[in-house]
Structure formats: C-alpha cells, structure tokens
Amino acid sequence: MRQAVWTGAISFGLVSIPVRLYPATEPKDVRFHLYDRSSGRRVRYERVTRAEDAAVFLPEPSAPTAMYWPAAEERRVDAVDVVRGISLPSGDLVTVTDEELDVITPQRSRTIDIEEFVDLAEIDPVYFDKAYYLAPGRAAGTEKPYALLLQAMRSAGMVAIGRFVLRTRPHLVAIRALENALALETLFFGDEVRRPEEVIGGLSAAKVSDRELKTAQQLIRALAAEWVPEKHADVYRNELLELLQRKSPALPAPPGESTGAAVSPVDDLMAMLKASVEAAKRKPSSSGYSSVTQRRGKRARGSA
C-alpha cells in the first residue's frame, strides 16, 4: 500500500473518525529532460539577472552580496538574495520575506471539519480539483465508525462539505461515498471559478425548431453508452512510448567525461584520431594486398 499523504480524522458533531488520505489519480505524462547536443550534458536552469533588465525597485543596501555586484551587471543570484514580490492592482510592487509569510501560513490541521451535507448533483464538476481516497485509520476500532459514515452517506445520497489544511494550503473539500470506500475531492473556492459570461461573453438565444431538437436527441440516444474508463486511452502517450522503445539508446559518454573539464576541439580531434589508430591496429587485414606490401617493405628495409 502506498504511503498516506495525510493522516487525521473526519469530525462532524461529536463524532471523530480517524482516516488516512491517499491520492486517487496518477498522472502518467512523459516528461523529457533537456540536453546539450554538442556536449551531451544536461541543461540546467539557474537564477540569473540580466544586464538589459531595468530594476523594478530600489535594491536593498543590506542585501548580503549587494556591495560586490554592480546593479547593471549580469550575474547568478544566490538563494539568500531572492525575495518574493508581487504587483498590486494599483501597479505598486510589494515584497515579502519568508518570516512574514510564516506568521500567516496556516498550520497543518489534524481534522477535516464537516460543515454541511449537500446533494452531489448541486455541485458543478467545474469545482472539482483533485481526487483522493479516504481509508480508515490504523488504530483498532476505526473500521466501524468509518463503515457507518460510508453507509449513512450512501443511503442519504449526499456529500459532506468540509475544510482542512493539507501541508500549508487550506482546502475546501467534498467527501462522497463510493461503493465500499470514501472519496475526497478538493474543490475550487467560489471566487476561483469564473462564470461563462466572463470568459466567452453573452450568447444570443438562437431559436431551434422542434424538428432539429428531436433529430439532435435521436443522435444523442444513438451514441449513448455505458461509461467504461478503460476504453478511453491516451493514444498520444502510447504512441510516444512506442516511439521511445523503437529508438536506439544514446551512446554513453567515455569514462572521465563527467568530470566537467572543458575539451577543446583540438583535444577532441586528437582523441578521435587516437581511437581510430587503435581500432585500425586491431582490425584484421581485409585482403592479401596489404600483407604482401608489408613483406615487400620489410625486405626492402632489410636490404638497404
């Protein structure tokens, strides 16, 4: 069994049910690393400032390395010199320190406080964020209250709305009953979901005839099917994995290449020439001409 990402309890009224939280989904995107084709080394990203970028706020004289770096010079930025900043709607830029954020960062909660029960059909799917499974706690005696809540919610046909803090982020959640387990969905807050009018504008109410409506309904019934998730595969990912399986692996770097020492084109050429000479020495003669020529050369040198 995988490791739980959170352990605590569901709390509603005077009832407290110990639970463990597990991710219900597993993204399987194929992620590539970036490499330099000319050197074969991994491409890394660094914190840097650019000389052509204008300063957006007055540098702090007390910064640890402020006295060593001219403002207009391009340089790598140390972690101690990085500060978080954000532009306000007024256009002003404000910065905050880690210490200031620590004061208001919510502490990890030990309970999911249920505030109300609602009909699942009333929650638009656009509010669902990420799915988890809830399992009963490991302590003895937690299976029965867990099963009681599961059966009660399933018979009522309702979901529980609550709040808790996962790591350092507060979440609004919906707990719903599956066939034999409880599921938890993190929800977007109300002001995080945009109305359709805000995105696509107002839509004119086009008139639809009864004949057009009936034809569209017939098409829907003709395409109606039972939901089977397994038949909806990620075709692109499967084709990408097949492509990667067919490709020949990249040639490994020679020993000592990972030292990071720079190799000049001349050194690189000499290495290839030496390797070619060694390979030629090990290669057997492809015809009798070369061996005859070698014997003639030896006799000529011997008679000289």
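Biologist: Which residue's side chain does the side chain of Glu 115 make a polar contact with?
Modeller: Glu 115 pairs with Arg 163, side chain to side chain, in a polar contact of 2.9 Å. This is a predicted model.

Biologist: Where does Glu 115 lie?
Modeller: In strand E7, which covers residues 111-119.

Biologist: And what is Glu 115 in contact with, leaving aside neighbours within four places in sequence?
Modeller: Ile 161, Gly 162 and Arg 163. There is also a C-alpha to C-alpha distance of 7.4 Å between Glu 115 and Phe 12, which are 103 residues apart in sequence.

Biologist: Another Glu, then. Is Glu 185 buried or exposed?
Modeller: Glu 185 counts as buried because its relative accessible area is 8%, and the cut-off for buried is under 20%. Glu 185 belongs to strand E11, residues 182-187.

Biologist: Which side chain does a polar contact join to that of Glu 185?
Modeller: That of Arg 176, at 3.0 Å. Arg 176 is also among the residues in contact with Glu 185 once neighbours within four places in sequence are left aside; the others are Phe 128, Lys 130, Ala 131, Leu 172, Val 173 and Ala 174.

Biologist: Switching to the whole chain. How many helices and strands?
Modeller: 7 helices and 11 strands. The chain has 304 residues, and 16% of them are buried. The accessible surface is about 24,900 Å², with 56% of that belonging to carbon and sulfur atoms.

Biologist: What share of the contacts with a separation of 6 or more comes from residues 24 or more positions apart?
Modeller: 62% of them.

Biologist: How many residues are in the largest nonpolar core?
Modeller: 21 residues. Those with the most contacts inside this core are Ile 10, Ile 112, Leu 134, Ile 175, Leu 182 and Leu 184.

Biologist: Which elements give two or more residues to this core?
Modeller: Strands E1 (6-12), E2 (15-23), E7, E8 (128-136), E9 (158-166), E10 (169-177) and E11, plus helix H2 (143-156). H2 gives the most, with 4 residues.

Biologist: What does Ile 10 touch, not counting residues up to four places away in sequence?
Modeller: Val 15, Ser 16, Ile 17, Val 19, Ile 112, Ile 114, Leu 134, Leu 149, Ile 175 and Leu 182.

Biologist: How far does H2 reach from its first C-alpha to its last?
Modeller: 20 Å for 14 residues, close to the 20 Å expected at 1.5 Å a residue. Just after H2, Gly 157 has a positive phi of about 65°.

Biologist: What about H5: how far apart are its end C-alpha atoms?
Modeller: 17 Å. H5 has 12 residues, 235-246, which should span 16 Å at 1.5 Å a residue, so the two values agree.

Biologist: Which backbone nitrogen does a side-chain oxygen of Asp 234 reach at the start of H5?
Modeller: That of Tyr 236, to within 3.3 Å.

Key: Residues are numbered from 1 along each chain as its sequence is written. This is a predicted model: local features need pLDDT of at least 70, side-chain atom pairs count only at pLDDT 80 or more; totals for chains, interfaces and linings use all residues. Side-chain values use heavy atoms; hydrogens and water are left out. Buried means under 20% relative accessible area, exposed over 50%, partly exposed in between (1.4 Å probe, protein chains only). A polar contact is a pair of N or O atoms within 3.5 Å; within protein, one must be able to donate a hydrogen and the other to accept it, and residues adjacent in sequence count only if both atoms are side-chain atoms. Contact means heavy atoms within 4.5 Å. Accessible areas come from the Shrake-Rupley method with a 1.4 Å probe; for residues, only the protein chains shown count as cover. A nonpolar core is a set of buried Ala, Val, Leu, Ile, Met, Phe, Trp, Tyr and Cys residues joined through side-chain atoms within 4.5 Å. The expected span of a helix is 1.5 Å times one less than its number of residues.
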